[in-house]
Amino acid sequence: MPSPEQPELLATPCVTCREHHLKCDREVPRCGRCVRAGRECRLGFKFKPSKDTFSRDQKWPRPPRQRGLNHIYGSRQRQRQRRLIALVIYVDETQSLTTGSLIEDNTSQYEFRVDNTDTTSPDLASTTTPTTLPAITSLREYAETGKQTRTDASFFSENTSPRAFHPYRESPGASFRVVEPYNAQSFSAAHDVRIPPLKNVITSALQTTSTLPLKNRTEALLFRHYIQKLAICLDLCDPHRHFELVVPERAAESHTLLNAIFAIAARHLSHTTDFDPLASNRYHDECLRYLIPMLNHASTVSDENLFAATIILRMLEEMDVPTTGQDTYSHLLGIHAFVNVGDHYMVPGSLSAASFWVGLRQEIYIAVITQQPVKLSLNHFVVDRSFEPADDYTWSNRAIVLIADVLNFCFGENSFTVGEWNALDEACQKWSATRPPSFNPFFYRERAAPMAFPEVWHGSSCHVIGIQHHILAQLFLTQFDPSIPKVGTNRRAAVKKMTHRIENLVRELCGIGVCNKWTPPGMFTACMGIAMFGDQFGERSDQEALIDLLKRTEGDHARPTAAIQQQLMKAWGWIPEGDE
């Protein structure tokens with residue numbers, strides 16, 4: 001094997017530049033790009049094949065005879081003595097991650113022994129491979145290069161990372177209407193994909209000192225306001241209610257998470273009451289003061305507490321649009337970094353997985369308003385596009401993934417095909433036909449004058465959000481229906497039929513939001529539909545009902561709708577062109 005001391009081995013591009021898709025100048029001992037970026041320069045090795053060949057009369061030894069499984073694996077007693085213990089050197093960065101202080105060079109190191117042996121099958125212990133920590137790029141490097149962060153695929157097992165699959169693919173030789181949706185269960189069985197168990201996830205420890213109970217009464221009021229009023233907006237499709245139950249507990253020992261809670265609660269109260277409008281800025285700045293130093297550490301993107309804090313700060317960012325005048329999407333980049341780190345830290349049922357689903361809904365909101373594709377990666381274990389029997393929360397998340405696929409189809413860079421539209425429409429119909437009957441409302445009444453929307457009562461927030469996102473998918477598929485003639489005598493009838501269907505879907509979308517105001521995101525989702533399709537309503541009474549819903553959403557839930565109101569009133573002719 002060649003030695004790293006040979007000159008030709010140091011002349012190859014370094015691994016760090018290749019991972020970031022950058023041209024390496026191949027300087028030694030560290031390349032210029034890594035020196036300027038402050039990154040670790042990992043050298044690559046060039047292995048040259050040997051020119052020696054074996055002779056034709058080369059004699060090869062015969063393999064030994066197999067003498068049974070006991071000879072291969074040894075006795076149970078010997079296997080228990082040879083259990084594989086992986087030694088992991090862990091640098092304790094707890095203090096710096098939770099307080100934002102810099103890491104000293106003399107940081108103490110601790111050795112943790114991770115037992116990778118399956119205790120139920122001691123005979124197979126020798127086949128277990130040691131656990132290795134993945135190399136993760138920092139958030140700052142992600143922001144500079146714009147590339148997705150990567151992880152070592154061997155973190156949990158050889159087959160952990162999933163392959164990229166098209167969500168809805170057409171069968172060869174079949175018509176466009178035949179669809180084979182991505183089935184997570186069959187995929188796992190066919191490719192031996194194992195979801196990493198919770199016991200093997202290495203998470204950073206928290207501070208030993210708790211900030212609870214709070215000493216300041218105002219902060220206690222903010223803490224309670226978050227739990228009682230805002231956490232429900234994040235735990236819509238989470239049966240474990242992580243943001244209501246787990247996040248407050250973690251916030252007791254995480255300054256960043258605690259300040260994020262204070263900031264979002266103060267911002268919501270300042271928009272809905274006469275609470276101090278500057279209080280949120282103080283907590284937000286304090287939160288960023290701890291968060292920014294952490295961007296230099298690779299462990300940041302694997303810390304689910306920081307992931308949850310970024311989700312909360314993104315919710316605050318959405319509320320700040322009326323104040324700042326524009327949405328900067330600053331925290332969306334942070335969400336992308338946490339999501340793109342891979343499946344190793346996004347275990348189903350964890351806070352990271354719950355944060356992923358909230359981040360996806362936030363990304364869908366932005367994609368709808370800006371009419372752009374969803375930029376969040378959907379290639380994860382937690383994403384399920386199948387139609388197999390499952391709990392109601394899984395079905396709601398399937399509807400959310402479906403609208404994300406529809407938005408990528410409608411606003412993607414590549415021109416869509418009729419076959420892709422048919423596949424998505426088929427998936428939309430199949431979701432409606434196979435979903436559990438619990439998604440049916442327990443009360444429904446058709447609209448009657450002067451009502452603009454039907455009455456639709458649901459008992460669960462996951463039902464509200466699942467049905468509404470499914471309606472959004474139907475709306476966009478109807479609007480982008482390729483079967484509508486572009487010109488000709490049949491176009492007017494087709495457009496009229498399309499407009500009638502869109503009006504009915506928007507009415508149902510708004511009816512669900514108005515009749516289930518106890519879950520505020522139902523109103524947010526209704527506003528998304530109004531923003532995209534409200535201009536197609538011609539009756540004055542319907543237009544006034546839509547404007548009233550937008551105003552109530554902004555007044556009661558601090559969601560900015562003023563810009564949408566102005567655009568709709570111009571489209572309806574309420575405001576002459578050129579007037580504000």
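Biologist: Where does Gln-371 lie?

Modeller: Gln-371 lies in the loop between α16 and α17 (392-411), where helices (H or I, at least four residues) and strands (E, at least two) are DSSP runs numbered from the N terminus. This is a predicted model, in which local features need pLDDT of at least 70 and side-chain atom pairs count only at pLDDT 80 or more, while totals for chains, interfaces and linings use all residues. Residues are numbered from 1 along each chain as its sequence is written, and side-chain values use heavy atoms, with hydrogens and water left out.

Biologist: Why is Gln-371 called partly exposed?

Modeller: Buried means under 20% relative accessible area and exposed means over 50%, with partly exposed in between (1.4 Å probe, protein chains only). The relative accessible area of Gln-371 is 46%, and therefore the residue counts as partly exposed. Arg-26, in the loop between α2 (15-19) and α3 (32-37), has 45% relative accessibility and so falls in the partly exposed class. Of the 580 residues of the chain, 47% count as buried.

Biologist: What makes the phi of Arg-26 and of Gln-371 worth a remark?

Modeller: Most residues other than glycine have a negative phi, and most peptide bonds are trans. Arg-26, not a glycine, has a positive phi of about 65°, and Gln-371, not a glycine either, has a positive phi of about 55°.

Biologist: How do you know that the peptide bond from Leu-212 to Pro-213 is cis?

Modeller: Its omega is near 0°, and Pro-213 is found in the loop between α8 (184-191) and α9. A cis peptide bond also joins Ala-449 and Pro-450, with omega about 5°; Pro-450 is found in the loop between β5 (443-445) and β6 (455-457).

Biologist: What makes the pair α10 and α13 a packed one, and at what angle do their axes lie?

Modeller: Two packed helices are described by the angle between their axes and the distance between the axes. Axes are lines fitted to C-alpha atoms, for helices over the stretch in contact, and angles run from 0 to 180 degrees between N-to-C directions. For α10 (residues 242-251) and α13 the angle is about 115°, and the axes are 11 Å apart. Contact means heavy atoms within 4.5 Å, and by that rule Phe-243, Val-247 and Arg-250 in α10 meet Glu-304, Asn-305, Ala-308, Ile-311 and Ile-312 in α13. By class, this contact has five nonpolar, one polar and two charged residues, where Ala, Val, Leu, Ile, Met, Phe, Trp, Tyr, Cys and Pro count as nonpolar, Asp, Glu, Lys and Arg as charged, and the others, Gly among them, as polar.
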